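This briefing goes through the structure shown below, one chain at a time. The points are grouped by topic.

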Amino acid sequence: MTRQMTGARMVVQALKDQGVDTVFGYPGGAVLPIYDEIFQQNDIRHVLVRHEQGAVHAAEGYARSTGKVGVALVTSGPGATNAVTGLTDALLDSIPIVVLTGQVPTFMIGSDAFQEADTVGITRPCTKHNWLCKDTDALSETIHQAFHVARSGRPGPVLIDIPKDVQFANGEYSPPQATNTSNYQPQLKGDIESITELVEALESAERPVFYTGGGVINSGPAASQLLRELVDATDIPITSTLMGLGAYPASGKNWLGMLGMHGLYEANMAMHGCDLMINIGARFDDRITGLLDAFSPGSKKAHIDIDPSSINKVIRIDIPIVGDVGHVLEDLLKVWKARGRKTNKAAIAKWNDQVAQWRSVDCLSFKQEGKIIKPQYALQRLEALTKDHDRYITTEVGQHQMWAAQYLNFEDPNRWMTSGGLGTMGYGTPASIGAQMAHPDSLVINVAGEASWLMNMQEMGTAMQFRLPVKQFILNNERLGMVRQWQELLHGERYSHSWSEALPDFVKLAEAFGAKGIICSDPDDLDDAIMEMINYDGPVIFDCLVEKHENCFPMIPSGKPHNEMLLGEASTHDAIEAGGAVLV
Amino acid sequence: MAALKIEKGSSKHSAYNLRPNFSDSQETHTLAVVVENEPGALARVIGLFSGRGYNIESLTVAEVDHQGHLSRITIVTKGTPQVIEQIKAQLGRIVPVSAVHDLTVDGPAVERELGLFKVNGDGEKRIEALRLAEIFRANVVDSTLESFVFEITGAPEKIDAFADLMRPLGLLEVARTGVAALSRGAE
């Protein structure tokens, strides 16, 4: 079943056939034929962003909140180069997106034409794969192939560069079913012998811990269900990376909280003291491991990952299992049940007692005193007042991001969207727009810092145009908080360029966009202000003025092992006092 | 920051842990990468090596299957065993790569390289160069009254040895192809 059509129409047809309902984009000279086709149809909604970086982050937000592939469409040259940050972000966090870029006509490629850039060259290291499609006959297959690559195996961003003459020319359209994808088929099933070896280790382990990551969420909702079943049946404590929050519910009995540099005390201590570490879809990121030589010194380590290059990359693994988390967990449960559902119950009960002791340290405790809002308190109240809503959270990058991961609880996967690997300030606002497009009736909140938020604030225009009631919850400390924290703790309190001067009046800014602005500085007013934000039917910029010099704890300083965590005021108070805590 | 016990001037001041994690010995491996011959395929492989800081000691590439549009890239690289494993895994991740063979561990392999040597000289030196070329089974592919161009094939070590011998005899210029390699046996 092939049909003749122009390349531009092919793009739209291929997107429809791939089940795409939303495209985030920005028009320009080299994509005008595609925009002309978009104009003449109603199946695909096009969301006009205000900057191409926003388009890619919005596509990421859409992808992460739905599990589907996100799509962005931008023009050649600056359109493509502006997409680079989003592509890199999606690569590091394994988010499936397809970015379509326009290109100058094939006969002008290489001539330094207007708005020409070597897009496939620039984006080669920041995509999972990319294509320059020079032939209209090959275009539809390339697009179908691109969707297949984006969502198969370890998901990631792909890019198709489409010269303008290819968009104008006629060619044969072939549907997804006719596209050969056999050349890229990552292994899904894990090796059953290795899985059995892991089950054996699990049966006798005295201090086991599950260390889960974004791979569980990328594997789909079934993987999260299997994980829950496994944890409940074995009574083994479970922690997660920033990327994996929600795979196991925060209200679950075995939940340790997030681990890593700003992870919870009980999570990091359990990782340090375990005798069997079962890594499920995480990648031993440097924010997780701390000092490698002292990382979980006494444990046997198993690692389930769909990407063979993740295994043994930084940590030596005793039981490697290459495969999709969902498939492997299914087999693991099957083998474990068939062998009689054994665990070392007495030892695990003792281990759980130890965990309970660590938990009782209550590492997230803080004191809300006086008339200044502590950022932790703001998030605690936000959690209390929104937890029963159908809620999606995005964040920017910095202290607020870590506090959000610590104080907000996620019960389900795909509810938490944050830039983990790349740490992209400016991610949250467009990501909230992408999530809200996918879930128009849900409560979508971007927990932000004022500095990060300013990086892509132009997207408020998008929120207004498309009536997306995204809530921008800004913890405003008038500082680049995380930078300031590092300067205080590690650079002799020399606060080099880490404060936000000449900040806008966020309420007036909201009003200028036509949105609602709320400012809150008094802890006693906070609940009412948050309720006002939730109840307002439209975009809100919430300027929450918080304590300016609050540090984010717990913290594992770089180059330190997990058990040498700083627990906050108690352990650093002296240091800060001694240094004089000079304000800038 | 006494309370933090962070030593000034140490790498611990960094946001990253700068200590090398494994200090195993360096090994040289010959990898054969079979890749769909699409535009940019070679750039992906080279970009991977430069982007992730791996070494390339030698690299050859040519289309070996014109019908199937498959190219074979032979790379000689150096690293700790863990880095070599990582290189193979990362190569395997590249979408158009259909196979990665480690000829150093997969069993015995034949490794060959072609070298062209321009040697200038007269009198005794000229005769000596010719005599050594004969011993090394190098062919004369160009000759003037003052110079020879020798063509030699063999393992890289043999070509190194030939180069060492030619140097005092008036070696002017060298061109080498890099290693092409295949596993021995019927498989």
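The end C-alpha atoms of residues 30–108 of chain B lie 11 Å apart, and this span is 30% helix and 39% strand. The UniProt record, an unreviewed entry, gives these residues of chain B the annotation "domain: ACT". The model is predicted.

**The sheet of chain B**

- Chain B has an open sheet of 4 strands in the order S2-S3-S1-S4, and the pairing is antiparallel.
- The edge strands of this sheet are S2 and S4 (97–102) of chain B, each of which pairs on one side only.
- From one strand to the next, the twist averages 20°.
- In general, strands of a sheet pair through backbone hydrogen bonds, in a parallel or an antiparallel way.

**Strand S3 of chain B and its partners**

- Strand S1 of chain B (residues 27–36) runs antiparallel to S3(B) and is joined to it by 10 bridges.
- Two of the residue pairs named for S3(B) are B:Ala32 with its bridge partner B:Thr74, and B:Val34 with its bridge partner B:Arg72.
- Strand S2 of chain B (residues 58–65) also pairs with S3(B) in the antiparallel sense, over 7 bridges.
- B:Ser58 has B:Val76 as its bridge partner in S3(B).
- S2(B) and S3(B) form a hairpin with 4 residues between the strands, and B:His69 in this hairpin takes a positive phi near 50°.

**The helix across the sheet**

- Helix H2 of chain B, made up of residues 81–93, lies across S1, S3 and S4 of chain B.
- The helix H2 of chain B runs at about 160° to S4(B).

**The two domains of chain B**

- The domain assignment divides chain B into domain 1 (22–102) and domain 2 (109–183).
- Between the C-alpha centres of domain 1 and domain 2 of chain B the distance is 28 Å.
- Domain 1 of chain B puts 7 residues into the contact, and domain 2 of chain B puts in 7 residues.
- On the side of domain 1 of chain B that touches domain 2 of chain B, strands S1, S2 and S3 of chain B each supply at least two residues.
- S2(B) gives the largest share of that side of domain 1 of chain B, with 3 residues.

**Chain A as a whole**

- Chain A has a secondary structure of 24 helices and 20 strands.
- With a radius of gyration of 24 Å, close to the 25 Å that the globule rule gives for 584 residues, chain A is as compact as a globular protein of that length.
- Along the principal axes, the C-alpha atoms of chain A fill a box of roughly 70 × 60 × 40 Å.
- Buried residues make up 56% of the 584 residues of chain A.
- Of the contacts in chain A between residues at least 6 apart in sequence, 77% join residues at least 24 apart.

**The annotated span of chain A**

- UniProt, in an unreviewed entry, places the feature "domain: Thiamine pyrophosphate enzyme central" at residues 195–332 of chain A.
- Residues 195–332 of chain A are 36% helix and 20% strand, and the end C-alpha atoms of this span lie 6 Å apart.

How values were computed. Residues are numbered from 1 along each chain as its sequence is written. Chains are lettered from A and ligands numbered from 1 in the order in which they are written. This is a predicted model: local features need pLDDT of at least 70, side-chain atom pairs count only at pLDDT 80 or more; totals for chains, interfaces and linings use all residues. UniProt positions are given in the numbering used here, feature names are shortened, and annotations may be inferred rather than shown by experiment. Two strands pair if DSSP finds at least two bridges between them. The radius of gyration is taken over C-alpha atoms; the globule rule is 2.2 Å times the number of residues to the power 0.38. A residue is buried if 20 or more other C-beta atoms lie within 10 Å of its own, exposed if 12 or fewer, and partly exposed in between; C-beta atoms are placed from the backbone. Two residues are in contact if their C-beta atoms, placed from the backbone, lie within 7 Å. Axes are lines fitted to C-alpha atoms, for helices over the stretch in contact, and angles run from 0 to 180 degrees between N-to-C directions. Domain bounds come from an automatic or database domain assignment.
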